[in-house]
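Okay, thanks for coming, everyone.

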Amino acid sequence: MGDGSTPRLGNMKALLGIVAGAGASYGLYKLMSGGSFKRNKKSATTESPGVRSSQPIEVTLQPGSLLARVSGLDVVCPRPVGVASADIIHQSPGNLDPQHLKMLLSCLQTSNNSPDRCRILLTLGNSAAFTVNQNLIREFEGIHIIAGFLSDPVAEVRVQTLNALNNLCMNIQNQEHIKVYVPQVLELIEMSPVNSDLQLGALRLLTNLSVTDKHQHLLKESVTLLLSLLVVSIEALQVQTLKVLVNLSSNPDMMDDIVQAQAPASVVLLFDARTAPAVLLRLLTFAGNLKAWRPSAQVADELRRKQDCLFRVMLDESSQLHSRLVQLLSHPDGEIQSQVARILT
């Protein structure tokens, strides 16, 4: 590098370390009889034109600038003519220039090295915490480039892909591009090992996508999957799963699909004083949303004939939910007591 030549892609390895969400890997045990969950598996555009097969964006790696601006590491640049010592540059990912984002997307498309792909995705994800970068990445067709790695064979690459898409999803315009990958994200939840970072990252993305009712209909077929995950996962996954369920159940137009969904009977067992308060509070919010729904007598009779549907598990007169709620009136947490009282009255 002493001759001032442009650094090669291999140097990315030393540069692209920015803290993002941690990753692991998961998969969902099938609790329902009959094997896998039924869901519309019309293929989302997993490899859209311009994803991994598109021509890389033509950019030039400038010595030092990417490392300094993207990773915040101390970067020693080659000694320019007339400079007595090497420059050490510190920059925030929020100060990335458009050409650096183009460079990262180009490197992501051409990299054959999994650790490098993880670092690049990590950096893009951190940069996407800033609105200006969210817009630029969309304009550079970066959303589809990034989403192409949802099918990467390396679990950690998929985790970093989900983290990047999650930050990009904070932008309403970006959601229009991300929504086509919902079936693929749901499949990651179903097929990954239980309690993994893959499931957690996927649930975070679905939480952001379901905050408004615009795209909630895309999750109509996922309620059984979410309820099944709820009863087998650890607290962090339960909280994130319930965030999605609360979002969906806040929309009256989604209620018919929710109450008809097949549900494990063990869901009601979570209404227990031993359940973590963070989980129980959200579970009570979900139950409150369900209780606010008022079906006609005819609809209620039809739902009672549906074996193992959520209506029978949580809303029917034969459900154990009422008696378990009464027991929670003596819960030591005042907020939980108040939530229970509101539901019962």
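Predicted model: local features only at pLDDT ≥ 70, side-chain atom pairs only at ≥ 80, totals over all residues.

So, which residues of the largest nonpolar core touch the most other members? They are Leu124, Ile146, Leu165, Phe271, Phe286, Leu290 and Met314, out of 89 residues in that core. By nonpolar core I mean a set of buried Ala, Val, Leu, Ile, Met, Phe, Trp, Tyr and Cys residues joined through side-chain atoms within 4.5 Å. Helix 13, residues 277-291, gives the most to this core, with eight residues. Helices here are DSSP runs, H or I, of at least four residues, numbered from the N terminus.

Residues are numbered from 1 along each chain as its sequence is written, and side-chain values use heavy atoms, with hydrogens and water left out.

Back to Ile146. Leaving aside neighbours within four places in sequence, Ile146 is in contact (heavy atoms within 4.5 Å) with Leu105, Leu108, Leu121, Leu124, Ile137, Thr161, Ala164, Leu165 and Leu168.

Now, helix 2 (98-110) and helix 3 (114-127): their axes, lines fitted to C-alpha atoms over the stretch in contact, come within 10 Å and cross at roughly 150 degrees. That makes helix 2 roughly antiparallel to helix 3, a label for angles over 145 degrees, on a scale from 0 to 180 between N-to-C directions. On the helix 2 side, the contact is made by Leu101, Leu104, Leu105, Cys107 and Leu108. Helix 3 brings Arg117, Ile120, Leu121, Thr123, Leu124 and Ser127.

Cys107 counts as buried at 6% relative accessibility; the cut-off is under 20% relative accessible area, with a 1.4 Å probe and protein chains only. Cys309 is buried too, at 1%.

Last stop, helix 10, residues 223-230. Eight of its eight residues are buried, so helix 10 is largely enclosed by the rest of the structure. What covers those residues includes helix 8, helix 9, helix 11, helix 12, helix 13 and helix 15. Look at Thr241 in helix 11: that residue is buried, at 0% relative accessibility. Beyond its neighbours within four places in sequence, Thr241 is in contact with Leu203, Leu226, Leu229 and Leu230, and Leu226, Leu229 and Leu230 are among the buried residues of helix 10.

Notes. Buried < 20%, exposed > 50% of the residue type's maximum accessible area, 1.4 Å probe, protein only. Helix = DSSP H or I, 4+ residues; strand = E, 2+ residues; numbered from the N terminus. Parallel < 35°, antiparallel > 145°, perpendicular 65-115°, else oblique.
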